[in-house]
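Colleague: Could you walk me through one part of this model in detail? I'd like to look at the place where the two chains meet.

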Amino acid sequence: MIALVDCNNFYASCERVFQPQLENKPIVVLSNNDGCIIARSNEAKSLGIKMGAPAFKMKSLFDLHKVHVFSSNFALYGDLSKRVMQILNEGSPAIEVYSIDEAFLDLKGVMKLNQFSVDLRTRVGKWTGIPVSIGVAPTKTLAKVANRIAKKYRKDGVFLMKKNTTINHVLKHTLVSDLWGIGRQYARFLADNGFETAFDLVNANESWIKRNMSVNGLRMVKELKGIPCYALEHQPPRKKNICTSRSFGMDVVNHAELKEAVASYASTCALKLRKEKSLAASVLVFIKTNPFKNSQYQYNPYQKVILDVPLNDSMEITKQALMALKKIYKKGFSYKKAGVIVGDIVPDSSRQLSLFSNKDPFKTRNVMCAVDYINEKMGRNKVRLAVQGFDRKWRLKQEKLSPCYTTRFKDVLQVKI
Amino acid sequence: MDEKVLDIPFYQSDVPAGFPSPAEDFMDLDLNLQEYLVQHPSATFCVRVTGDSMQNAGIFSGDVMVVDRALEPKNNTIVLAVLNGEFTVKRIQKKADKLYLKPENKDFKSIEITEEMNFQVWGIVTHIIHKV
């Protein structure tokens with residue numbers, strides 16, 4: 001049996017752990033740069049606040065209902081996520097961390113599934129303050145369905161689907177569009193072909209499914225029938241490309257400031273590559289003007305560079321990114337966003353040397369190792385390329401950021417006694 | 001995710017000939033404060049206090065407390081509690097079926113926890129880090 005553990009309204013719940021006076025109060029968390037809503041507490045959901053809504057349009061609603069608004073604090077969410085996953089890992093035979101707030105557990109050999117799940121949920125809640133829901137079923141796809149029931153209808157936050165009668169009953173009340181892996185496109189296609197509930201899919205003709213929805217569709221149908229097609233992935237698959245992009249706190253006009261931003265994103269990409277022990281063979285830079293300002297002309301160019309050999313050193317990747325930027329930058333526009341994507345990623349172990357370069361790749365590797373070591377000890381970006389700049393005027397807008405309670409001593413929870 | 005810090009002393013001194021250090025076989029692992037202070041890493045949080053209601057228990061303004069959420073409160077343990085939405089640190093005491101939050105400073109009064117209060121133990125204070 002497989003369990004899906006999902007943290008309830010994770011980002012909002014994280015904020016509440018350290019501000020218990022917000023219990024039962026509406027909370028929303030905004031995306032990077034305080035742009036739109038990316039998390040809502042249940043109270044905020046019942047006010048009709050929609051996921052993804054732009055924050056500036058909601059201001060009067062926030063004021064009217066005294067909604068507590070937070071900038072996203074990923075240092076805090078990342079740390080609490082790590083704690084939750086650690087507890088799940090210690091408490092179960094095998095785990096796949098699926099996202100920052102979800103994990104699949106393999107419950108092979110667990111005898112009392114319901115009691116086990118209730119205890120695990122209680123432990124996570126007590127130890128971290130984060131409420132979770134647990135759905136248990138024979139396959140990953142069904143565990144997702146069970147989790148939805150647990151979250152919506154179960155007081156104890158746990159729902160176990162084992163018997164066929166239970167599973168079929170639930171699938172009859174689950175819309176196709178609520179299934180794992182069904183996007184808007186497939187949902188519409190299936191609706192057009194008369195599939196309304198998940199149970200309709202269970203009874204579908206398998207060869208029709210395979211023909212119209214590829215082998216992944218077929219796997220999903222088999223999983224709904226209780227035949228496992230997806231095993232737990234213990235090691236996350238290597239990323240195909242890595243993107244670092246941000247909207248600016250204010251519009252950026254001049255080349256120098258744009259350069260600082262692009263250099264910072266490029267070296268962040270390089271750092272992510274090194275952490276994954278990967279190399280990238282291409283670098284793409286894009287810049288965007290503000291789409292909400294119709295009065296201006298829009299300009300959204302990008303430029304891709306293919307590298308001689310795959311790399312992960314910040315200096316070379318930044319240099320290439322800045323050359324790409326130079327090609328696309330035009331005066332007279334005010335830019336709202338920039339980004340760097342490194343692609344064609346290969347494992348570091350397959351490093352090849354360039355036939356035409358006389359640079360020693362191992363020398364730069366040692367430099368990057370030393371830089372990473374210092375930054376890990378002394379704080380992010382303590383040692384950086386000069387071109388990344390010092391004022392960073394373009395930096396994120398995070399006006400409602402909560403303290404990093406769990407990762408910085410100067411930010412730990414303060415209590416007056 | 002399950003990486004744990006463990007510092008192991010490492011010898012780089014070259015001793016091509018002669019006697020090895022007589023202490024070499026007796027080396028212990030380095031002292032690890034984290035290990036000493038933290039019993040449940042995923043349930044332990046640091047909290048800084050201001051105020052002196054607990055000074056007779058050795059908790060002074062500016063100290064950092066190590067708080068473990070995995071432990072159960074017992075009679076007379078010092079807890080970080082949430083009382084009507086506000087954090088406080090007090091000794092928890094049970095007397096004749098009544099529950100009290102007891103300060104450790106005679107200028108402050110005990111608080112009786114009643115039914116209508118919203119009360120919750122956030123975590124158990126296990127250590128105080130005090131800078132001298």
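How many residues does the contact take from chain B, and how many from chain A?

Modeller: Happy to! Please keep in mind that this is a predicted model. The contact takes 31 residues from chain B and 24 residues from chain A. Between them, the two chains bury an area of about 2500 Å², and carbon and sulfur atoms give 60% of that area.

Let's turn to the polar side of the interface. Across the interface of chain B and chain A, 13 residue pairs are in polar contact, with both residues at pLDDT 80 or more. The count of salt bridges between the chains is 1. That salt bridge pairs Lys126(A) with Glu72(B), and their closest N and O atoms are 3.9 Å apart, which falls within the 4 Å cut-off for a salt bridge.

Which strands of chain B take part? Strand S1 (44–50), strand S3 (78–83) and strand S4 (86–95) of chain B each supply at least two residues of the side that touches chain A. The largest share of that side comes from S1(B), with 7 residues.

Strand S13 of chain A, residues 413–416, is joined to S1(B) by 4 bridges, and the two strands run parallel.

S4(B) pairs with strand S5 (residues 98–102) of chain B in the antiparallel sense, over 5 bridges. Lys95(B) has Lys98(B) as its bridge partner in S5(B). These two strands form a hairpin with 2 residues between them, and Ala96(B) in the turn has a positive phi of about 50°. S5(B) in turn pairs with strand S6 (residues 111–113) of chain B, again antiparallel, over 3 bridges; here Leu101(B) has Ile111(B) in S6(B) as its bridge partner.

Finally, a word on confidence. The model scores ipTM 0.81 and pTM 0.77. Chain B averages a pLDDT of 86, and 79% of the residues score at least 70. Over residues 9–13 of chain B, however, the pLDDT is below 50, and this stretch has 6 contacts in the model beyond near neighbours in sequence. Where pLDDT is low, the predicted coordinates should not be read in detail.

Note on methods
Residues are numbered from 1 along each chain as its sequence is written. Chains are lettered from A and ligands numbered from 1 in the order in which they are written. This is a predicted model: local features need pLDDT of at least 70, side-chain atom pairs count only at pLDDT 80 or more; totals for chains, interfaces and linings use all residues. Side-chain values use heavy atoms; hydrogens and water are left out. Contact means heavy atoms within 4.5 Å. Buried area is the accessible area (1.4 Å probe) that two parts lose on being put together, summed over both. A salt bridge is a side-chain nitrogen of Lys or Arg within 4 Å of a carboxyl oxygen of Asp or Glu. A polar contact is a pair of N or O atoms within 3.5 Å; within protein, one must be able to donate a hydrogen and the other to accept it, and residues adjacent in sequence count only if both atoms are side-chain atoms. Two strands pair if DSSP finds at least two bridges between them. pLDDT is the predictor's confidence in each residue, from 0 to 100.
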